[in-house]
Amino acid sequence: MADRQKPAISLRKKPTQARSTVLIEAILQAAVQVLAEEGAQRFTTARVAEKAGVSIGSLYQYFPNKASILFRLQSDEWRQTAELLQGILQDSTQTPFERLRSLVHAFVRTECEEAAMRVALDDAAPLYRDAPEAREARAGSDQIVENFMRETLPHASPVQRELAADLVMSTLSAVGKQLSESQRTESDIQAYADAMADMFCAYLAGLGSRAVAKKQRA
């Protein structure tokens with residue numbers, strides 16, 4: 001049986017006037033509120049239009065369906081994450097391990113501060129996560145982490161660096177999600193961040209040392 005076609009998730013048209021930009025911003029702000037209040041399962045274009053105070057027709061001029069709205073919200077989250085990664089991992093005034101430690105603390109704190117929104121978007125992810133637009137939106141962050149691993153592990157193989165990048169980011173995301181699903185104290189957040197940073201630094205240091213030793217034996 002043929003796979004069902006994925007719904008379109010890109011904007012129907014780009015805003016060309018200031019009032020169009022204002023309309024889209026109002027829709028997105030309303031979407032954030034509906035998602036936080038209702039959750040992904042009860043998120044609909046009708047609720048968003050009502051919350052934004054616009055007609056459903058006006059909403060559909062730009063967003064073809066609820067998946068496109070959710071994808072835009074998630075894309076904004078991915079963009080903010082990329083900016084966070086870039087600002088920390090490309091800071092040449094710090095050593096790679098100092099940067100990694102700073103990233104862990106910043107990432108965990110962000111996950112906890114925006115818990116409701118991130119949990120709701122994660123629940124809605126099946127609507128858009130496999131779309132080409134989603135892969136493209138995530139590519140920027142992947143490249144930043146890849147460059148960091150190349151700098152941190154210059155003697156490791158590309159396969160080893162790719163595994164290290166995936167392990168670090170996957171663990172960060174999984175633990176961040178777990179922390180965000182319940183109320184956490186400041187000491188809890190600090191303790192988890194410190195423990196993960198220690199774990200990542202020890203892992204990368206060991207991987208780097210083994211790569212150097214292997215090269216010297218060759």
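How many nonpolar, polar and charged residues does the lining of the second largest cavity have, by class? The model is a predicted one, in which local features need pLDDT of at least 70 and side-chain atom pairs count only at pLDDT 80 or more, while totals for chains, interfaces and linings use all residues. Residues are numbered from 1 along each chain as its sequence is written, and side-chain values use heavy atoms, with hydrogens and water left out.

The lining in question has 8 nonpolar residues, no polar and no charged ones, where Ala, Val, Leu, Ile, Met, Phe, Trp, Tyr, Cys and Pro count as nonpolar, Asp, Glu, Lys and Arg as charged, and the others, Gly among them, as polar. The residues that line the second largest cavity are Leu-89, Leu-100, Leu-103, Val-145, Phe-148, Met-149, Val-168 and Met-169. Two or more of the lining residues come from each of α5, α7 and α8, and α7 gives the most, with 3 residues; helices here are DSSP runs (H or I, at least four residues), as strands are (E, at least two), numbered from the N terminus. The space in this cavity is about 30 Å³, and the count of cavities of 30 Å³ or more comes to 2. On a 1 Å grid over the protein atoms alone, a cavity is a set of points where a 1.4 Å probe fits but cannot get out, whereas a pocket is an open set with protein on both sides within 12 Å along at least five of seven lines, and lining residues have an atom within 4 Å of a point. Grid points are joined across faces, edges and corners, and a volume is the space filled by probe spheres set on the points.

The largest pocket has a volume of about 1,000 Å³ and a lining of 31 residues, with Trp-78, Arg-138, Asp-142, Met-169 and Ser-173 nearest its centre. By class, this lining has 12 nonpolar, 6 polar and 13 charged residues. At least two lining residues are supplied by each of α4 (66–89), α5 (96–113), α6 (115–124), α7 (132–152) and α8 (158–180), and the largest share, 11 residues, comes from α8.

Trp-78 also belongs to the 1 aromatic pair that the structure holds. Its partner is Phe-71, and the pair is edge-to-face, at 6.4 Å centre to centre and 70° between the planes; rings of Phe, Tyr and Trp (its six-membered ring) pair if their centres lie within 6.5 Å, and planes under 30 degrees apart count as stacked, over 60 as edge-to-face and the rest as tilted. Phe-71 is buried at a relative accessible area of 9%, and Trp-78 is buried at 17%, where buried means under 20% relative accessible area, exposed over 50% and partly exposed in between (1.4 Å probe, protein chains only).

Turning to the cysteines, the structure holds 0 disulfides, a disulfide being a pair of cysteine sulfur atoms within 2.5 Å. The sulfur of Cys-201 is too far for a bond, because the closest cysteine sulfur, in Cys-112, is 19 Å away. Cys-112 is buried, with a relative accessible area of 18%, and Cys-201 is buried at 11%.

Finally, Arg-99 is found in helix α5 and is buried, with a relative accessible area of 3%. Not counting residues up to four places away in sequence, Arg-99 touches Ile-88, Leu-89, Gln-90, Asp-91, Gln-94, Phe-148 and Glu-151, contact meaning heavy atoms within 4.5 Å.
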